[in-house]
Amino acid sequence: MKRLIIRPGAIGDCILSLPALEHLKTDYTELWVPSPVVPLIQFADEVRSISATGLDLLGIHGVDASAWLRTQIESFDEIVSWYGFARPDFRTALESFGVPCAFLPALPLSANLHATDFFAQSVGASSGLLPRLCVQPGERRIRAVIHPFSGGLRKNWPREFFRALAARLPLPVEWTAGPEETLPGATRFDNLFELAGWLAGAKLYIGNDSGVTHLAAATGMPTLALFGPTAPRQWAPRGGNVLVLHHEPLTELPVESVLDAANRLLGSP
(Lines give C-alpha, C1' and ligand atoms only; values in the text may rest on other atoms or scores of the structure.)
Protein backbone atom coordinates (compact mmCIF):
# COMPACT_ATOMS: atom_id res chain seq x y z
CA MET A 1 0.00 0.00 0.00
CA LYS A 2 1.37 3.38 -1.06
CA ARG A 3 -0.42 6.16 0.82
CA LEU A 4 -0.26 9.94 0.49
CA ILE A 5 -1.23 11.98 3.54
CA ILE A 6 -1.93 15.70 3.10
CA ARG A 7 -1.97 17.76 6.29
CA PRO A 8 -2.19 21.59 6.12
CA GLY A 9 -2.51 23.91 9.10
CA ALA A 10 -0.58 25.87 11.68
CA ILE A 11 2.41 24.36 13.47
CA GLY A 12 0.45 23.56 16.62
CA ASP A 13 -2.41 21.96 14.68
CA CYS A 14 0.02 19.70 12.83
CA ILE A 15 1.80 18.71 16.05
CA LEU A 16 -1.49 17.81 17.73
CA SER A 17 -2.33 15.58 14.75
CA LEU A 18 0.94 13.60 14.94
CA PRO A 19 -0.66 10.52 16.56
CA ALA A 20 -3.26 10.41 13.78
CA LEU A 21 -0.61 10.84 11.09
CA GLU A 22 1.57 8.08 12.53
CA HIS A 23 -1.45 5.77 12.78
CA LEU A 24 -1.81 6.08 8.99
CA LYS A 25 1.70 4.80 8.28
CA THR A 26 1.72 1.94 5.79
CA ASP A 27 4.20 0.12 3.49
CA TYR A 28 5.12 3.43 1.86
CA THR A 29 3.94 6.67 3.41
CA GLU A 30 4.43 10.14 1.97
CA LEU A 31 3.36 13.34 3.72
CA TRP A 32 2.70 16.77 2.20
CA VAL A 33 2.67 19.39 4.95
CA PRO A 34 3.37 23.14 5.44
CA SER A 35 7.02 24.06 4.87
CA PRO A 36 7.91 24.72 8.56
CA VAL A 37 6.51 21.32 9.58
CA VAL A 38 8.58 19.28 7.09
CA PRO A 39 11.56 18.69 9.47
CA LEU A 40 9.22 17.46 12.24
CA ILE A 41 7.91 14.45 10.28
CA GLN A 42 10.31 11.64 11.11
CA PHE A 43 8.28 8.48 10.43
CA ALA A 44 7.40 8.94 6.74
CA ASP A 45 9.30 7.61 3.74
CA GLU A 46 9.08 11.00 2.02
CA VAL A 47 7.99 14.46 3.20
CA ARG A 48 7.26 17.40 0.92
CA SER A 49 6.15 20.98 1.38
CA ILE A 50 2.59 21.53 0.12
CA SER A 51 3.63 24.79 -1.54
CA ALA A 52 6.44 23.04 -3.42
CA THR A 53 4.07 20.48 -4.96
CA GLY A 54 1.65 22.97 -6.52
CA LEU A 55 -1.22 21.20 -4.77
CA ASP A 56 -2.59 24.51 -3.47
CA LEU A 57 -3.40 25.53 -7.05
CA LEU A 58 -5.43 22.40 -7.76
CA GLY A 59 -9.09 23.12 -8.36
CA ILE A 60 -8.57 26.80 -9.15
CA HIS A 61 -10.41 27.72 -12.35
CA GLY A 62 -8.11 27.91 -15.35
CA VAL A 63 -5.15 26.25 -13.62
CA ASP A 64 -4.16 22.78 -14.79
CA ALA A 65 -2.18 20.33 -12.68
CA SER A 66 1.49 20.09 -13.67
CA ALA A 67 2.75 16.91 -15.26
CA TRP A 68 4.84 16.27 -12.14
CA LEU A 69 1.85 16.64 -9.80
CA ARG A 70 -0.31 14.40 -11.97
CA THR A 71 2.38 11.70 -12.09
CA GLN A 72 2.90 11.87 -8.33
CA ILE A 73 -0.78 11.66 -7.41
CA GLU A 74 -1.48 8.82 -9.82
CA SER A 75 1.35 6.79 -8.26
CA PHE A 76 -0.51 6.40 -4.94
CA ASP A 77 -2.99 3.70 -3.99
CA GLU A 78 -4.81 5.94 -1.54
CA ILE A 79 -4.91 9.57 -0.38
CA VAL A 80 -5.95 10.79 3.07
CA SER A 81 -6.30 14.57 3.06
CA TRP A 82 -7.05 17.17 5.70
CA TYR A 83 -6.69 19.62 2.82
CA GLY A 84 -9.79 20.49 0.81
CA PHE A 85 -12.52 19.30 3.18
CA ALA A 86 -14.38 22.59 2.65
CA ARG A 87 -13.29 23.11 -0.98
CA PRO A 88 -15.58 21.16 -3.35
CA ASP A 89 -13.60 22.27 -6.43
CA PHE A 90 -10.37 20.94 -4.93
CA ARG A 91 -11.98 17.64 -3.96
CA THR A 92 -13.40 17.18 -7.45
CA ALA A 93 -10.03 17.96 -9.04
CA LEU A 94 -8.13 15.55 -6.78
CA GLU A 95 -10.66 12.76 -7.24
CA SER A 96 -10.41 13.17 -11.03
CA PHE A 97 -7.01 11.43 -10.91
CA GLY A 98 -8.79 8.18 -10.09
CA VAL A 99 -7.08 7.57 -6.74
CA PRO A 100 -9.38 6.78 -3.77
CA CYS A 101 -9.48 9.84 -1.48
CA ALA A 102 -10.68 10.39 2.07
CA PHE A 103 -11.21 14.03 3.07
CA LEU A 104 -11.11 14.87 6.78
CA PRO A 105 -11.93 18.15 8.60
CA ALA A 106 -8.73 20.07 9.37
CA LEU A 107 -10.23 21.54 12.57
CA PRO A 108 -12.24 19.78 15.31
CA LEU A 109 -16.00 19.85 14.88
CA SER A 110 -16.70 19.55 18.61
CA ALA A 111 -15.55 21.93 21.36
CA ASN A 112 -15.88 19.10 23.90
CA LEU A 113 -13.13 16.94 22.40
CA HIS A 114 -9.41 17.62 22.48
CA ALA A 115 -8.00 18.22 19.02
CA THR A 116 -5.55 15.31 19.28
CA ASP A 117 -8.39 12.93 20.12
CA PHE A 118 -10.55 14.35 17.33
CA PHE A 119 -7.84 13.84 14.72
CA ALA A 120 -7.04 10.38 16.07
CA GLN A 121 -10.68 9.25 16.07
CA SER A 122 -11.04 10.52 12.50
CA VAL A 123 -8.58 7.85 11.33
CA GLY A 124 -9.56 5.08 13.75
CA ALA A 125 -6.72 5.64 16.24
CA SER A 126 -7.06 5.54 20.02
CA SER A 127 -7.84 8.58 22.13
CA GLY A 128 -5.54 9.88 24.85
CA LEU A 129 -2.36 9.65 22.80
CA LEU A 130 0.47 12.15 23.24
CA PRO A 131 2.12 13.89 20.30
CA ARG A 132 5.82 13.01 20.64
CA LEU A 133 8.95 14.19 18.90
CA CYS A 134 12.02 12.00 19.35
CA VAL A 135 14.80 14.55 19.53
CA GLN A 136 18.35 14.40 20.75
CA PRO A 137 18.57 17.19 23.34
CA GLY A 138 21.16 19.82 22.68
CA GLU A 139 23.58 21.01 25.31
CA ARG A 140 22.12 20.27 28.75
CA ARG A 141 21.98 23.54 30.63
CA ILE A 142 20.16 24.54 33.79
CA ARG A 143 18.04 27.24 32.27
CA ALA A 144 14.50 28.23 31.42
CA VAL A 145 13.42 29.18 27.90
CA ILE A 146 10.70 31.76 27.23
CA HIS A 147 8.93 32.34 23.91
CA PRO A 148 6.66 35.39 24.45
CA PHE A 149 4.81 35.29 21.10
CA SER A 150 1.80 33.62 19.48
CA GLY A 151 -0.40 33.98 16.43
CA GLY A 152 -2.61 36.70 17.96
CA LEU A 153 -2.28 39.65 20.34
CA ARG A 154 -5.08 38.42 22.63
CA LYS A 155 -3.15 35.19 23.12
CA ASN A 156 -0.05 37.01 24.36
CA TRP A 157 0.75 37.54 28.03
CA PRO A 158 2.20 41.08 28.29
CA ARG A 159 5.90 41.24 27.48
CA GLU A 160 6.65 43.23 30.62
CA PHE A 161 5.08 40.43 32.68
CA PHE A 162 7.42 37.93 31.05
CA ARG A 163 10.38 40.16 31.92
CA ALA A 164 9.22 40.45 35.53
CA LEU A 165 8.82 36.67 35.68
CA ALA A 166 12.27 36.08 34.21
CA ALA A 167 13.81 38.27 36.91
CA ARG A 168 12.23 36.13 39.65
CA LEU A 169 12.79 32.61 38.31
CA PRO A 170 15.34 30.57 40.28
CA LEU A 171 17.45 29.80 37.18
CA PRO A 172 18.86 31.69 34.19
CA VAL A 173 16.50 32.53 31.33
CA GLU A 174 17.10 32.40 27.59
CA TRP A 175 14.62 33.80 25.09
CA THR A 176 13.64 32.41 21.70
CA ALA A 177 11.76 33.92 18.76
CA GLY A 178 10.79 33.05 15.22
CA PRO A 179 12.51 34.48 12.14
CA GLU A 180 10.02 37.37 11.87
CA GLU A 181 9.44 38.01 15.59
CA THR A 182 11.18 41.07 17.06
CA LEU A 183 13.12 40.27 20.21
CA PRO A 184 16.72 41.49 20.55
CA GLY A 185 19.12 38.84 21.82
CA ALA A 186 16.72 35.93 21.21
CA THR A 187 17.98 32.56 20.02
CA ARG A 188 16.48 31.69 16.64
CA PHE A 189 16.28 28.59 14.47
CA ASP A 190 15.08 28.26 10.88
CA ASN A 191 14.57 24.52 11.39
CA LEU A 192 11.87 23.52 13.90
CA PHE A 193 13.46 20.15 14.59
CA GLU A 194 16.69 21.88 15.60
CA LEU A 195 14.66 24.24 17.79
CA ALA A 196 12.99 21.23 19.43
CA GLY A 197 16.38 19.73 20.28
CA TRP A 198 17.58 23.01 21.73
CA LEU A 199 14.42 23.36 23.82
CA ALA A 200 14.70 19.78 25.10
CA GLY A 201 18.04 20.63 26.69
CA ALA A 202 16.41 23.18 29.00
CA LYS A 203 14.99 22.69 32.48
CA LEU A 204 11.73 24.55 31.77
CA TYR A 205 9.82 26.16 28.91
CA ILE A 206 7.25 28.96 29.33
CA GLY A 207 5.15 30.37 26.50
CA ASN A 208 1.77 31.46 25.20
CA ASP A 209 -0.68 29.40 23.17
CA SER A 210 1.62 28.96 20.17
CA GLY A 211 3.18 26.41 17.88
CA VAL A 212 6.48 26.66 19.76
CA THR A 213 4.70 25.79 23.02
CA HIS A 214 3.23 22.68 21.38
CA LEU A 215 6.71 21.90 20.05
CA ALA A 216 8.21 22.10 23.55
CA ALA A 217 5.49 19.88 25.03
CA ALA A 218 6.00 17.27 22.30
CA THR A 219 9.65 16.85 23.34
CA GLY A 220 8.50 15.80 26.82
CA MET A 221 10.19 18.71 28.60
CA PRO A 222 8.45 20.59 31.48
CA THR A 223 6.17 23.07 29.71
CA LEU A 224 4.11 25.91 31.15
CA ALA A 225 1.48 27.14 28.68
CA LEU A 226 -0.44 30.40 29.21
CA PHE A 227 -3.89 30.36 27.61
CA GLY A 228 -6.33 33.25 27.23
CA PRO A 229 -9.12 33.26 24.62
CA THR A 230 -8.47 29.70 23.39
CA ALA A 231 -10.10 26.75 25.17
CA PRO A 232 -7.43 24.51 26.75
CA ARG A 233 -9.88 21.61 26.85
CA GLN A 234 -9.66 21.54 23.07
CA TRP A 235 -6.26 23.04 22.22
CA ALA A 236 -3.91 22.67 25.20
CA PRO A 237 -0.50 21.13 24.45
CA ARG A 238 -0.30 17.51 25.48
CA GLY A 239 2.56 15.97 27.39
CA GLY A 240 3.47 14.27 30.63
CA ASN A 241 5.11 17.46 31.95
CA VAL A 242 2.63 20.10 30.80
CA LEU A 243 0.91 22.63 33.04
CA VAL A 244 -1.67 25.05 31.59
CA LEU A 245 -2.76 28.34 33.17
CA HIS A 246 -6.00 29.65 31.69
CA HIS A 247 -7.01 33.26 32.33
CA GLU A 248 -9.15 35.57 30.23
CA PRO A 249 -8.01 38.20 29.60
CA LEU A 250 -4.37 37.21 29.81
CA THR A 251 -3.45 40.80 30.71
CA GLU A 252 -4.95 40.13 34.15
CA LEU A 253 -2.99 36.94 34.85
CA PRO A 254 -0.66 37.88 37.75
CA VAL A 255 3.07 37.30 37.54
CA GLU A 256 2.90 35.64 40.96
CA SER A 257 0.52 32.96 39.65
CA VAL A 258 2.84 32.12 36.74
CA LEU A 259 5.86 32.09 39.05
CA ASP A 260 4.12 29.65 41.42
CA ALA A 261 3.24 27.36 38.49
CA ALA A 262 6.81 27.50 37.16
CA ASN A 263 8.21 26.57 40.57
CA ARG A 264 5.82 23.61 40.76
CA LEU A 265 7.12 22.32 37.44
CA LEU A 266 10.68 22.83 38.64
CA GLY A 267 9.93 20.95 41.86
CA SER A 268 10.72 23.98 44.01
CA PRO A 269 9.00 24.39 47.37
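Biologist: Which residue forms a salt bridge with Glu-248, and how far apart are the closest N and O atoms?

Modeller: A salt bridge here is a side-chain nitrogen of Lys or Arg within 4 Å of a carboxyl oxygen of Asp or Glu. Glu-248 pairs with Arg-154, with the closest N and O atoms 2.5 Å apart. Arg-154 sits in the loop between S6 and helix H7 (159-168) and Glu-248 in the loop between S10 and H11, so the pair ties together parts that are 94 residues apart in sequence. Strands (E, at least two residues) and helices (H or I, at least four) are DSSP runs, numbered from the N terminus. Keep in mind that this is a predicted model, where local features need pLDDT of at least 70, side-chain atom pairs count only at pLDDT 80 or more, and totals for chains, interfaces and linings use all residues. Residues are numbered from 1 along each chain as its sequence is written, and side-chain values use heavy atoms, with hydrogens and water left out.

Biologist: How many salt bridges does the structure hold?

Modeller: Eight. One of them joins Lys-155 to Asp-209, with a closest N to O distance of 3.5 Å. Lys-155 is in the loop between S6 and H7 and Asp-209 in the loop between S8 and H9, 54 residues apart. Lys-155 is partly exposed at 22%, but Asp-209 is buried at 8%. Another joins Glu-78 and Arg-3 at 2.6 Å, N to O. That one connects strand S4 (residues 78-81) with strand S1 (residues 2-6), 75 residues apart. Glu-78 is partly exposed at 23%, and Arg-3 is buried at 14%.

Biologist: Back at Glu-248, what kind of peptide bond joins it to Pro-249?

Modeller: As a rule, most peptide bonds are trans. The bond between Glu-248 and Pro-249 is cis, with omega about 5°. Pro-249 is in the loop between S10 and helix H11 (255-266).

Biologist: What is the strand order in the open sheet of five strands?

Modeller: Two strands pair if DSSP finds at least two bridges between them. The order is S7-S6-S8-S9-S10, with parallel pairing. S7 (173-175) and S10 (242-246) are at the edges with a single partner strand each, so one side of each has no neighbour in the sheet.

Biologist: Which helix lies across S6, S8, S9 and S10?

Modeller: That's H9 (residues 211-218), running at about 150° to S8. Angles run from 0 to 180 degrees between N-to-C directions, with axes fitted to C-alpha atoms, for helices over the stretch in contact.

Biologist: Which residues touch the most other members of the largest nonpolar core?

Modeller: A nonpolar core is a set of buried Ala, Val, Leu, Ile, Met, Phe, Trp, Tyr and Cys residues joined through side-chain atoms within 4.5 Å. The largest has 44 residues, and Leu-21, Leu-31, Ile-41, Trp-82, Leu-199 and Leu-215 touch the most other members. H8 gives the most to this core, with six residues. A second, separate core of 26 residues includes Leu-169, Leu-171, Leu-250 and Leu-266.

Definitions and conventions. Contact = heavy atoms within 4.5 Å. Buried < 20%, exposed > 50% of the residue type's maximum accessible area, 1.4 Å probe, protein only.
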